[in-house]
Amino acid sequence: MNRRKFLHKSICASAGVLTLPMYSGAYSFDYHKDLIIGHNSHQYKVDMNWGKLDANKVPVQDCHEIIQDSKGRIILLTNHVKNNIIIYDKSGKLIETWGTTYPGGHGLTLSTENGEDFLFITDYERHQVIKTTIDGKEVMTIEYPADTGKYKNKEEFKPTETTILENGDFYVADGYGNQFILHYNYKGELLNIFGGRGIENDQFLNAHGICLDARNQESPVLLVTAREQNQLKRFSLDGTYLSSIEVPGALICRPVIHKDEIYFAVLKSRGATQNNSGFLLIMNDKNEVISCPGATKPLYKNNSLAELYQTIKLFQHPHDVCIDEDDNMYVAQWNSGQTYPIKLIRV
Amino acid sequence: MRCVFVIAALLCMYSCKKNSNKSDLSDHFVQTKDVQLVNPKIETKSVIIDSSSSITALLDLDQAVIYYTTDGSEPDETSNKYTNSISISKPGKYTFKAFHLDFKPSDAIDVSFFNKGVDVRSIALETALNKQYPGKGQNTLVNGEKGTLNFRDGEWLGVTEPFIAIVEFDDVMYIESIDIGYLVNTDSWIFPIQDISIDFSEDGINYMPIGPIKKIEKQESNSTKLENINISVSKRLKKMKIKISNVTAIPKWHQGKGNPAWLFMDEWIFNTQKN
């Protein structure tokens, strides 16, 4: 210890003793311990105030989904029709808002085409999928697939998510509707329909989220969450069922791939007695659960994962996550008292 | 010297404050001490004790410790420390709560155990079962099986209008009390019982009311819990006619205000002095 440090310490110590009775409130050494959530390689500090805005000016209802655009901005979709789209910078500063016509705005996916960003919004109240420019101009609308004979009327079509391939093809998950996965080409022409409601391997109860998994570029697959079944299902691009990954206890929303991992918001713990029992879940490149921020540590016994459940009252109903280039995470929540997104800082 | 000391003290105050400011920089991160544990997860073999049962409490978080009481009081860190599954041989109420050095303690959660009641010869329903939640049919309420917090577990009868049934015993017998188990899950519009009326008959033909029955408190906020009401009977009887009414208008604080609520019951337990 050098002389300066020694002097500083000893003076502080003696003054601390002498002044303690009078100044104990002002100079007490507060007990600070930043909460760290998550397990193994994926642990985070929590900034609840990151996306907080003036609710009178920029209100939110459910914060359904959150993504990052090519410019690095963080884009939130809420079903509040004063401002369906809220755009932040990474520090949480509001950049702009737009959108007043998405009362059931639920799914939000980025599509970058020849360097230009577009958004795919699913709206379960409009019973449509809408493609917009990044500043909100609608360029394509997908109606319910009447010609397939799988739908009696548009009300049966309640799309929750989309995922887009490099060639412009896209898939729609009808997670609140008839549980089909619909495959379209870039023009919006229907190429294929598969899935549907049921408990068979290739069917779904709440096909809530979908994403393209191109981590293995040789053989890209589709990942679809069957939320009520606590399963992530893998399909080939032509709609053939491949396998299921069990996540006992976790109502996983949509898969989000970042680097080699898959991230999920978990809406609720299946067996929870408390309301607001959500958490987050991260799988590694082998699709094994490695971290559950806000919940039990993932443990495998004989290759099967023990039931996961929330352990601390931090998240309410996480509904989507977005991971930026610094590996920090942004969490949007459904039905959580009109709260704004939370930022998690990787530690 | 005094002057030197005052300067040193001021310097220290400045310097200490500066350090504390530095830690304030991290104040935008959630602090562990401000976060509450989730209540322990409770698993039981059966809450109706035929011969014996057991209870397990879990909160799989490093350094979390669970304490419990058996007298209905709220556990603290001087209560019984939970270590292993507890075996249960007599009725009672077990209350659990989790503690941790860094986090706020959890809420308390309790579970009640009941003796198996006397067997019922028959139960005749005067109202139809609801098609959506018929439980296990006519005998759901007297099959010796309690439900869980999952209202779809098949042990729950769900109704949206008054439920009336006549229960008959093998012989005339002394019934001391009846336990009526019900569920509260306000998120799913399942509310407590609104009214209960019970008539008894010793000859199996003529009925008399058993007397005043205490009212169940109205539900004032969101909750999910297993509930039970014990109603004193203290009569010799052969038959009982039991009418249980659901909440006819959900209170104003709830999104379903004005609508009828669901009433979910899992079991009626008829206690004699011996059971």
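Predicted model: local features only at pLDDT ≥ 70, side-chain atom pairs only at ≥ 80, totals over all residues.
1. Domain bounds, as used in this note, come from an automatic or database domain assignment. On that basis chain B is divided into domain 1, covering 34–114, and domain 2, covering 117–271, and the centres of domain 1 of chain B and domain 2 of chain B, taken over C-alpha atoms, are separated by 27 Å.

2. The secondary structure of chain A consists of one helix and 28 strands. Its radius of gyration is 23 Å, close to the 20 Å that the globule rule gives for 347 residues, so chain A is as compact as a globular protein of that length. The C-alpha trace of chain A spans about 85 × 50 × 40 Å along its principal axes.

3. As to burial and surface, 55% of the 347 residues in chain A are buried, while the accessible surface of the chain comes to about 15100 Å², with 48% of it belonging to carbon and sulfur atoms. Among the contacts in chain A with a separation of 6 or more, 46% are accounted for by residues 24 or more positions apart.

4. One open sheet of chain A has five strands in the order E1-E2-E28-E27-E26, with antiparallel pairing. Strand E1 (36–39) and strand E26 (318–323) are its edge strands, each pairing on one side only, and the twist from one strand to the next averages 30°. Within this sheet, E1(A) is joined by four bridges to strand E2 (residues 42–47), the two running antiparallel, and His39(A) stands opposite His42(A) of E2(A).

5. Another open sheet of chain A has four strands, ordered E11-E12-E13-E14 and likewise described by antiparallel pairing. Its edges are strand E11 (161–164) and strand E14 (190–195), each of which pairs on one side only; neighbouring strands are turned against each other by 20° on average, direction ignored. Between strand E12 (residues 170–173) and strand E13 (residues 180–184), which run antiparallel, there are four bridges, and the bridge partner of Val172(A) in E13(A) is Leu182(A).

6. Strand E8 (residues 116–123) of chain A deserves a separate look, being mostly covered, with seven of its eight residues buried. The hairpin of E7(A) and E8(A) has two residues between the strands, and in it Asn114(A) takes a positive phi near 50°.

7. E8(A) also pairs with E9(A), again in the antiparallel sense, over six bridges, with Ile121(A) standing opposite Ile130(A) of E9(A). These two strands form a hairpin with four residues between them, in whose turn His127(A) has a positive phi of about 60°. The two positive phi values, at Asn114(A) and at His127(A), are local features that a reader may wish to find in the structure.

8. Where does Thr132(A) lie, and is this residue buried or exposed? Thr132(A) has its place in strand E9 (residues 128–133) of chain A. Since buried means under 20% relative accessible area, Thr132(A), with a relative accessible area of 0%, counts as buried. Leaving aside residues up to four places away in sequence, Thr132(A) touches Trp98(A), Tyr102(A), Phe118(A), Leu119(A), Ile121(A), Lys137(A), Glu138(A) and Val139(A). One of these, Ile121(A), is the residue that stands opposite Ile130(A) in E9(A).

Methods:
Residues numbered from 1 in each chain as written. Chains lettered and ligands numbered in written order. Heavy atoms only, no water. Pairing = 2+ DSSP bridges. Axes fitted to C-alpha atoms, helices over the stretch in contact; angles between N-to-C directions. Buried < 20%, exposed > 50% of the residue type's maximum accessible area, 1.4 Å probe, protein only. Contact = heavy atoms within 4.5 Å. Rg over C-alpha atoms; globule rule 2.2 N^0.38 Å. Areas by Shrake-Rupley, 256 points an atom, 1.4 Å probe, with all protein chains shown as cover.
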